[in-house]
Amino acid sequence: GGVPASDELQGIIPRSFSYIFNHIREKKNSNITYNLFCSYLELYNGKIRDLLAKQQVSLQIKETKDKTFYVHELSQPEVKFVQDLMRHMEEGNLRRQVGCTELNADSSRSHSIFTVYIQMVENLEDGECRTVTSKLNLVDLAGSERQAKTRASGDTLKEGCNINLSLSVLGTVIDTIVRGKGHVPFRSSPLTMLLKDSLGGNSKTCMFANINPADSNISETVSTLRFADRAKQIKNKPMVQMDAKDQKIQELQNKVADLTEKLKRYEEGDAPDLEEENEILQEKI
């Protein structure tokens, strides 16, 4: 986060929050309203916990009809200002699991995902409403660990094993997506299920890899860079997220616009290809 109060020293997260609200302020008008919500969870020892809930209990991952995953009963408070997002993030950070190892006095013992949900509702001229949704996932992946260096034991060792296992599965998923062949094993880990919509194509993904320049950590540095390089090779194609009804209406409107353009060209005598299309259609019939 850097220094949130300083415009020059702010980190990426507060800058991202400010960008969202500035963009909304520029685009907002009498026909468009925006609703924002957020959530904060951690994946600790293979279990999901709501970092915005006062009582910490394990939550379950559910699947929707369109094969996307979500966390059941996860808190999603509404936010109105950048300060609201920062306050919820700071609140969740206080509940995150950290521990002491030989390499880090405040080592993250879990993966975490802070999500900002954005809903745009537009009132159309015909009296209907069009709803478009989007979200920003801010993911903090705990680093892989080698017991020989961390000197971990007991619960700390168990935490490290779970971290390494989930990162290994994530690497396998990324490799499969990059190759573009075979079944993508998103279900193999809660982490990959939660990151499916960030890796599966309908998104833009950016990864920051933290490395150590020390000679003693050369193998970890190379491994991290290889992991980031594989993630960089994922080819995503973001699409506008609408509900099913709005999506169908948009498809029909695009089709009408396309047919109108073709008819105009035909009337102007500049559409010889329409005759060929007509013949092809007649043959199919």
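How many salt bridges does the structure hold? The structure holds 8 salt bridges, a salt bridge being a side-chain nitrogen of Lys or Arg within 4 Å of a carboxyl oxygen of Asp or Glu.

Before I turn to individual pairs, a word on the basis. This is a predicted model, in which local features need pLDDT of at least 70 and side-chain atom pairs count only at pLDDT 80 or more, whereas totals for chains, interfaces and linings use all residues. Residues are numbered from 1 along each chain as its sequence is written, and side-chain values use heavy atoms, with hydrogens and water left out.

The quantity pLDDT is the predictor's confidence in each residue, from 0 to 100. For the protein chain the average is 80, and 77% of the residues score at least 70. Confidence is highest in strand β6 (residues 78-79), at a mean of 96, and lowest in strand β11 (residues 241-242), at 52. Helices (H or I, at least four residues) and strands (E, at least two) are DSSP runs, numbered from the N terminus. Over residues 101-106 the pLDDT is below 50, although this stretch has 14 contacts in the model beyond near neighbours in sequence; contact means heavy atoms within 4.5 Å. Where pLDDT is low, the predicted coordinates should not be read in detail.

Let us return to the charged pairs. Side chains of opposite charge can pair when their charged atoms come close. Arg187 and Glu63 form a salt bridge, with their closest N and O atoms 2.3 Å apart. That pair links distant parts of the chain, 124 residues apart: Arg187 is in the loop between α4 (154-179) and α5 (190-194), and Glu63 is in strand β4 (residues 61-63). Arg187 is exposed, at 54% relative accessible area, while Glu63 is partly exposed, at 32%. In these terms buried means under 20% relative accessible area, exposed over 50%, and partly exposed in between, using a 1.4 Å probe and protein chains only.

A salt bridge also joins Glu78 and Lys80, at 3.2 Å from N to O. Here Glu78 is partly exposed, at 40%, and Lys80 is exposed, at 52%. Arg130 and Glu122 form another salt bridge, the closest N and O atoms being 2.8 Å apart.

Which residues do ring pairs link into a cluster? They are Phe17, Tyr40 and Phe114. Rings of Phe, Tyr and Trp (its six-membered ring) pair if their centres lie within 6.5 Å; planes under 30 degrees apart count as stacked, over 60 as edge-to-face and the rest as tilted. The count comes to 2 aromatic pairs. Phe17 and Phe114 form a tilted pair, 5.8 Å centre to centre with 45° between the planes. Because Phe17 lies in helix α1 (residues 12-27) and Phe114 in strand β9 (residues 111-123), this pair ties together parts 97 residues apart in sequence. Tyr40 and Phe114 have ring centres 5.2 Å apart and planes at 75°, so the pair is edge-to-face. Both Tyr40 and Phe114 are buried, and Phe17 is buried as well.

Finally, the strands, which pair if DSSP finds at least two bridges between them. Strands β1 and β2 (residues 47-50) run antiparallel, joined by 4 bridges, and Glu42 has Arg49 in β2 as its bridge partner.
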